[in-house]
Amino acid sequence: MLPPVLTYPVTRPEERRRTRVPPVTPVPRGAHAGTRLARAVVVLALGLFSLLALAGPALAQSSTPAPPPSSAATPTSGAASTSTPPADGISVKGTLRNAAGVIAGAQVQAADSGGAVVATSTTGDRGTWELVVSPGTYTFSVVESSLPDGVSVQGTVSRSIVQGQLSTVVFSFGEVRSSTEIPFAERFLRVAVDGLRFGLVIAITAVGLSLIYGTTGLTNFAHGELVTIGAVVAWVVNVKFGVQLIPATIIAIVVGIGVGMLNDLAVWRPLRRRRSGLIAQLVVSIGLSIGIRYLILILFGGRSQAFTDYQSQVQHDYGPIQLTDVNLATMVISLVVLIGVALVLQRTRIGKAMRAVADNRDLAASSGINVERVVLFVWALGGGLASLGGVLFALSELAGTVQWEMGFKLLLLMFAGITLGGLGTAYGALLGCVIVGLIVQLSTLVIDPDLKYTGGLLVLIVILVLRPQGILGSRSRIG
């Protein structure tokens, strides 16, 4: 009798024999591995066959000589070339722009060393043009007859086109200047105005640092990161969320106020309650500065990022002085904010409490002033001013770009300014920062502009040697 698993419930014996299930033969262990190996070989063979099938036409095309140049124009970005782009061609781009705006429909030519025109392009609606030429030296020119009436170009531009380098050609429009030499007095005046602007920006960021030192005695090395945070937040709101830069700056100031208060509540107030020494707090501020800076590097990235608004500013003449709208607005905003801070210190109750705590902390506490509340307000004020200063610094000094270590670069000049003016005094910080800004910018008349920040270090050294208390500081503090 067959087992129940191998039988069906039928009545006829002959049908039962016909439906008998054959025995299952076990598969050897190596059979599955052999099957997988066979499948891998088939897939590899098919892949090689496909690769050869795709590479064959490409190899045949590369071995075929390039066709001779045709008379038909080849469009490139709204531009037309007089010949087929060479195989080793390099893209050369540019934008035709004068004081009235972009120039569309103009023709740009590239001529080789023999004077033969090798490529021609026509500017598009945005004034952009593009040519593709082989490596070498070319003379780029704008066809005068293609320019609008009343527009003239200042000659040609010669460039050496090299593989791997960015190739951009800029043409100048208008009348050719008979002399590019600017009198020294006029240059001095322009640089002095730039120094005043730069000094006001430094003062915006350094006033909070000076007030924090005056009320707590802390030399906060992490204050530069508050500057960077303000600029980064404004960039994120402006670029990522599409908000105009002025509202984005207001949001950045609010965030800076919150970060300043969080600094005091989470780090510095517990350290003050534990009566930590100023040296220990100084070390903590250095570590906090490094941590925040590299956290910004991780989240923001190491490349400079530009704001969406207020790019490509045009300089306006105010007599012998030339200023862009952004630089003029930076000076006006800085002056208004600094005057507002001075009025708060002189006329308001919290301002008088801040001056009292800065003068003598214990005496202020004994007279009924809530010292911790005053210190918290100082941190909030310092964070908001640092955020505003970060946006103004990015717009006026960094050509509208944000950098991950911009606050750290400005920190030395902030310390130089408050040391020169007098540690712990808001008015001394204002005066010292303006002087430092003037020194830094005027130094470009005699040294390389890339080395101008070293002037702040020299000021710091000289002041610490000759007058450590600063211009408006006192020699000793009572209390």
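**A walk through the model**

Let's start on the surface. Helix α13, residues 454-466, gives the largest share of a nonpolar patch: five residues. The members of the patch are Leu412, Leu457, Ile461, Val462, Val465 and Leu466. Together they have about 550 Å² of accessible area. Leu412 sits in helix α11, which covers residues 406-421. Is Leu412 buried, exposed or partly exposed? Partly exposed: its relative accessible area is 32%.

Now a word of caution. This is a predicted model. The average pLDDT of the chain is 81, and 78% of the residues score at least 70. One stretch to treat separately is residues 52-82, where the pLDDT is below 50. Beyond near neighbours in sequence, that stretch has 28 contacts in the model.

Next, the overall picture. The chain has 479 residues, and 38% of them count as buried. You will find 13 helices and 14 strands. The chain exposes about 27000 Å². Carbon and sulfur atoms supply 64% of that area. What about contacts along the chain? Take those between residues at least 6 apart in sequence: 67% of them join residues at least 24 apart.

Let's go inside. In soluble globular proteins, nonpolar side chains tend to be buried together. Here, the largest nonpolar core has 77 residues. Which residues have the most contacts inside this core? They are Phe307, Val402, Leu410 and Met414. Helix α10, residues 371-396, gives the most to the core, with 13 residues.

Look at Val402 for a moment. Set aside its neighbours within four places in sequence. Val402 then touches Ala231, Val232 and Trp235, among others. Its contacts also include Phe300, Arg303, Ser304, Gln305 and Phe307. Ala394 is one of them too.

Thr205 counts as buried because its relative accessibility is 0%, and the cut-off for buried is under 20%. Which residues does Thr205 contact, leaving aside neighbours within four places in sequence? They are His223, Val227, Leu385, Ala386, Gly389, Gly390, Leu410 and Met414.

Now the charged pairs. The structure holds ten salt bridges. Stay in helix α3 and find Asp194 and Arg197. They form a salt bridge, with the closest N and O atoms 4.0 Å apart. The two are three residues apart in the helix, so about one helical turn separates them. Asp194 is partly exposed, at 24% relative accessible area. Arg197 counts as buried, at 3%.

Arg197 has another partner. It forms a salt bridge with Glu397, and here the closest N and O atoms are 3.4 Å apart. This pair links distant parts of the chain, 200 residues apart. Arg197 is in helix α3, while Glu397 is in the loop between α10 and β14. Is Glu397 buried or exposed? Buried, with a relative accessible area of 17%.

One more bridge. The side chains of Glu372 and Arg272 meet at 2.7 Å, N to O. Glu372 lies in helix α10 and Arg272 in helix α5, so the pair ties together parts that are 100 residues apart in sequence. Glu372 is partly exposed, at 22%. Arg272 counts as buried, at 15%. Both belong to a network of salt bridges that links Asp264, Arg269, Arg272, Arg361 and Glu372.

Last stop: helix α5 again, and Ile250 within it. Why does Ile250 count as exposed? Because its relative accessibility is 52%, and exposed means over 50%. Now find Gly384. Along the chain, Ile250 and Gly384 are 134 residues apart. In the model, their C-alpha atoms are separated by 9.4 Å.

Trace Arg197 to Asp194 and to Glu397. And remember the stretch at 52-82, with its pLDDT below 50. Thank you.

How values were computed: Residues are numbered from 1 along each chain as its sequence is written. This is a predicted model: local features need pLDDT of at least 70, side-chain atom pairs count only at pLDDT 80 or more; totals for chains, interfaces and linings use all residues. Side-chain values use heavy atoms; hydrogens and water are left out. A nonpolar core is a set of buried Ala, Val, Leu, Ile, Met, Phe, Trp, Tyr and Cys residues joined through side-chain atoms within 4.5 Å. Buried means under 20% relative accessible area, exposed over 50%, partly exposed in between (1.4 Å probe, protein chains only). Helices (H or I, at least four residues) and strands (E, at least two) are DSSP runs, numbered from the N terminus. Contact means heavy atoms within 4.5 Å. Patches are made of residues with over 30% relative accessible area and no salt bridge: like charges are joined within 9 Å, nonpolar side chains (Val, Leu, Ile, Met, Phe, Trp, Tyr) within 5 Å. Accessible areas come from the Shrake-Rupley method with a 1.4 Å probe; for residues, only the protein chains shown count as cover. pLDDT is the predictor's confidence in each residue, from 0 to 100.
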